[in-house]
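Biologist: Can you take me through this one? Show me the structure and then we can go over it.

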Amino acid sequence: MARELHDHWFKEAKREGYRSRAIYKLREIDQKRSLLSPGDAVLDCGCAPGSWVQYAAQQIGDDGVVVGVDLLDITPLPGHNIHLLTGDLGDIDDAVLLAAANRSATQRFDVVLSDMAPNTTGHRDTDHHRSMSLCELVLQRCGTLLRNNGHLVMKAFEGTNFQELVQRVHECFGEVRTMRPTASRSVSREMFIVGMNRRDDAELSLPPTPSGGPPPVPEDWSLGQ
Ligand SMILES: C[S@@+](CC[C@H](N)C(=O)[O-])C[C@H]1O[C@@H](n2cnc3c(N)ncnc32)[C@H](O)[C@@H]1O
């Protein structure tokens, strides 16, 4: 069954000219939550081979811009609204990312996407903790790169610290959902955390304060329902 599903999404991506089946995860999330709008500046973290960039560029149109970052070289994509950078997200300065989007430190990005994944080992806890570190990095970068009221979509591998991460996102965004798109493989432990309307004064890079109990965490929200 998992293999059939893989083949289905893989074939769809090929037929529609997308570089990866991952497109269908972002498309489903965006269609449900309306995150990407014409004219937006979008930062796509871990963008190779580039299907999220392709989809985002279509949604934001000629007046928007997508900046994609990946450790791997990315084969160029057509479109004056696409800028691709090679490197570790943790090593690229805010100024470089903002300049690629033609934005200033006060304007910042409208949407931050992260489909970043560690090289998986097959050891669930190890992969989970590595994924958590990448999510921490994304949240940290949102602190200076995502505008107030901006949106975040971030992939995480579920495990012991997952709910704690969701709580962190709750502290920083007005509305939060966890989603598992239908295009995710049944064997995968990936979930997508969607943070909408970044709070004005959210200090995204600060650790959570251990005050009187955790904030409410929403029930997992399946797009299939
Ligand atoms: C699942 S793939 C992304 C697929 C992409 N969303 C698409 O639609 O084609 C995950 C990517 O995250 C990248 N990645 C992992 N850690 C990273 C880091 N620290 N900085 C930049 N990219 C990273 C990997 O190189 C890999 O290409």
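Modeller: A term to begin with: buried means under 20% relative accessible area. And keep in mind that this is a predicted model.

Biologist: Fine. Which residues of helix 3 are buried?

Modeller: Ser-51, Trp-52, Val-53, Gln-54, Tyr-55, Ala-56, Ala-57 and Ile-60. That makes 8 of the 10 residues of helix 3, so the helix is largely enclosed by the rest of the structure.

Biologist: What follows helix 3?

Modeller: Gly-61, with a positive phi near 75°.

Biologist: And which unit does helix 3 make with strand 1 and strand 2?

Modeller: A β-α-β unit, and it is right-handed. Helix 3 covers residues 51-60 in that unit.

Biologist: Switching to strand 1. How many of its residues are buried?

Modeller: 5 of 5, over residues 41-45.

Biologist: Which residues are on which side?

Modeller: Ala-41, Leu-43 and Cys-45 are on one side, Val-42 and Asp-44 on the other, and both faces are covered.

Biologist: How many bridges join strand 1 to strand 2, and do they run parallel or antiparallel?

Modeller: There are 5 bridges, and the two strands run parallel; strand 2 is residues 65-70. Within that pairing, Asp-44 is opposite Gly-68.

Biologist: What about strand 1 and strand 4, how many bridges there?

Modeller: 4 bridges, in the parallel sense, with strand 4 at residues 109-114. Val-42 has Val-111 of strand 4 as its bridge partner.

Conventions. Residues are numbered from 1 along each chain as its sequence is written. This is a predicted model: local features need pLDDT of at least 70, side-chain atom pairs count only at pLDDT 80 or more; totals for chains, interfaces and linings use all residues. Side-chain values use heavy atoms; hydrogens and water are left out. Buried means under 20% relative accessible area, exposed over 50%, partly exposed in between (1.4 Å probe, protein chains only). Two strands pair if DSSP finds at least two bridges between them. A crossover is right-handed if, with the strands pointing away from the viewer, the path from the first strand over the helix to the second runs clockwise.
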